[in-house]
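Work through the exercises below with the sequence and the model open. Each task is followed by a solution in steps.

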Amino acid sequence: MRNANGVKHVLRRVLGASLAVTLLLTGCSAGGKINSEKIGTRETVSAAFTAQQYHFADQKNLVYVGKSGLISLYFDSETYAVAVQESNTGKTWYALPTASEGADTADPAAVTLRVSGGDKLYVLNSQDNSVAFETASFKPTENGIQVTYDMALDKETADCAFNDVPDGSLYASVTVSYTLADGALRAKINCGDILLSKGFTLESLTMLDFFGAVEKAGAEDYIFVPDGCGAVENIGEGLTGGYEHRTFVTYGEDLSLAITESEEQRVPARVPAYGIKSGDSAFLALIESGDAISEIHEFVSKGTGSYSRVGPTFRVTDAVCSGTAGKQTLRTGNTYTGDITVCYRFLADKNASYSGMAAACREMLIRNGVLSTKTLKQTEYLPFLLTVQNAAAKNNPNRTEVLTDYSQTLELLKLMKAKSMNNIYLRCNGILDGANNQGLLSESEPLKKLGSQKDFEALAQYVKTQQFTMYLNTDIVSFQSKSASPTRNAAKGLDGKSVRFTAENPFFGFAGRETQTRYLTRLSDLDGYVNDFIVNMQNWDFGGYCIDDAGQYLYSDYAGDTFSRTGAVNLLSVQAAALSAGHMLMVDTGNMYMLKNADAVADLPSETAYPQEKNYFAVPFLQMVLHGIVEYAHAPANTSENTETAVLRALEYGALPSYSWSFTKTDIAELDERFYYDNQITKAAEQYAVANELLSDLRGARMTAHEKVQDGVYKAEYNNSILLYCNYNDTPVTVNSVTIEPMHCLRVN
């Protein structure tokens, strides 16, 4: 203990300097201000539609700008938008649609701004508020073109110099830079250069949401969106039912904004990417900067004369309008002043597919330093991800019920080894104070109820001898209130309240309430907390850490030193690197900003959040991006609605086998059926043997293609010419003279 305290003292002495550097890296804004204004009832004021000629592209107006690889950039001299032409296919992708057969739900524009001023929300767009007023301008740049839109509610104001804008008048000027490089198009807006008249706030910005918009789609055309593991929506004619509009919030909602409930369903996106397939061509768009403040919106025409399209909106200023009519309050906070950049990669022929999109996304993420360049090392046996439930919190989370102590964990591993499960990733959940409702990170140490240090050392030695890996599951950005004071330790939201969320308690009925309330940690304290935690754990021989919360929750913080959401991304990346020093690192869920230092991802989505339908279904996009770079597993098979289907999907998607067990019974039938190891270990061992035979030598390979070959039958292809066919039907199926048994996976070549 004396030695540990000494190390803590040294760490804290240097912390002032290290934390100062970290804050500079993360975009911390000391003393960030929250503005609160009572506005009565907010009215939305939309731009007045001018003429179709400013909203719809015409090929005869295109002017050549430049070329890179197989694509050429053109500028539309009438709409001041751009277009990209593929030289190998002749396909032209327009930033604005080329025709209109009726009123669209939103008039096409290159850029749309939402600006608040008093009790009004003004919606300005580049076409009606600038191009139609003849106040747009352009200039050629190296390998591209730069377009500036000077916008206002009337031509006279739009034509003013910024310093001459009359008081109280709304004026905004936005510049979009288009650059060709390495066969890709990048569209960029520097938010720090946006001009806005005094007294107004730029809340959000939409850029190129009509790029590639489709009015009449072919039978095989679709939109790719980042729902769950990835989803495809067919957009051919005659579609009915389903959603016309879907929203995907990059890295999930910012809980600090206390967004009011709405009828619109919004789901998290783990990767900021989207795309469209049209004929023999496709594009993949990756948001390279500004991703943490982005949302991706998809609109699908259901025979209404509208356009099927997908594109991004960026929350430039944290803003929330709440309250009832007549008594509304507008709160605003951090304003983003960095770049917004979207990179478009264009794909043709066999690459014009969601598989080709995944390959392009993977390449860009590696090039941008988001993903590692490493390749997984080949081992004789495929890893099996076992999450052991060690302890569960009672109603008072400082009291716990033991589910699997150290000795029982060791016995469980020996039982698995006896069944030829020869490579185990052991994820220990509930070991730290608070069990499965963990307390504050800096105070977290292993529960004494799980056994002595000698018991733990025996477990650790066995893990090391068998060349397994033991991960300690830990929450680094959230805590339960009994462990610390939310007032002092929790992040603050835009409403000034402590930021919290509610999580389901999987052991409800045995220990604890149905849900567990957890608070998000002040980001200014996180660096010190991680350092304290590393010191606390120095005498515990875990080979790795599994970060349970920071891979799914990303938030801004208005407590003390204000952190933007973009700043939080940088801070979490620094902490992930600190935890991975000398340790393996696993991340739960897999928000892309956490994966640079990760060796494995647990609970990677394998389905969609929006309901799947005939024309809207999951595809293994994330899995194709990650395979061969980072190990991944889906949610434990025994926690899924259908274990057999979950196991087969793991094979199809190249995921590790995954189960979550406890060693002791709870005497609650539903829980024991789901978690008690003895009910499942024999079947799991059989499934592992199959997975090991099919996937063990593919760990370092790339999954290069995936497709549905017929109803209920899917094919995954790897870059070493290995094919895997998965049959979800209850009868045998023959494909290319090969018969696949029901609920079975067959490897070919």
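**Exercise 1: the largest cavity**

Leu376, Leu382, His627, Gly628, Val630, Glu631, Tyr632, Gly654, Leu656, Leu695 and Arg699 line the largest cavity. The model is predicted: local features need pLDDT of at least 70, side-chain atom pairs count only at pLDDT 80 or more, and totals for chains, interfaces and linings use all residues. Residues are numbered from 1 along each chain as its sequence is written, and side-chain values use heavy atoms, with hydrogens and water left out.

Task: sort the lining of the largest cavity by class.

Step 1. On a 1 Å grid over the protein atoms alone, a cavity is a set of points where a 1.4 Å probe fits but cannot get out; lining residues have an atom within 4 Å of a point.

Step 2. Ala, Val, Leu, Ile, Met, Phe, Trp, Tyr, Cys and Pro count as nonpolar, Asp, Glu, Lys and Arg as charged, and the others, Gly among them, as polar.

Step 3. The lining has six nonpolar, three polar and two charged residues.

**Exercise 2: the second largest cavity**

Task: which residues line the second largest cavity?

Step 1. Its lining consists of Ala181, Asp182, Ala184, Arg186, Cys343, Arg345, Met364 and Arg367.

Step 2. By class, four are nonpolar, none polar and four charged.

How values were computed. 1 Å grid on protein atoms, 1.4 Å probe; cavity = no way out; pocket = protein on both sides within 12 Å on 5 of 7 lines; lining within 4 Å.
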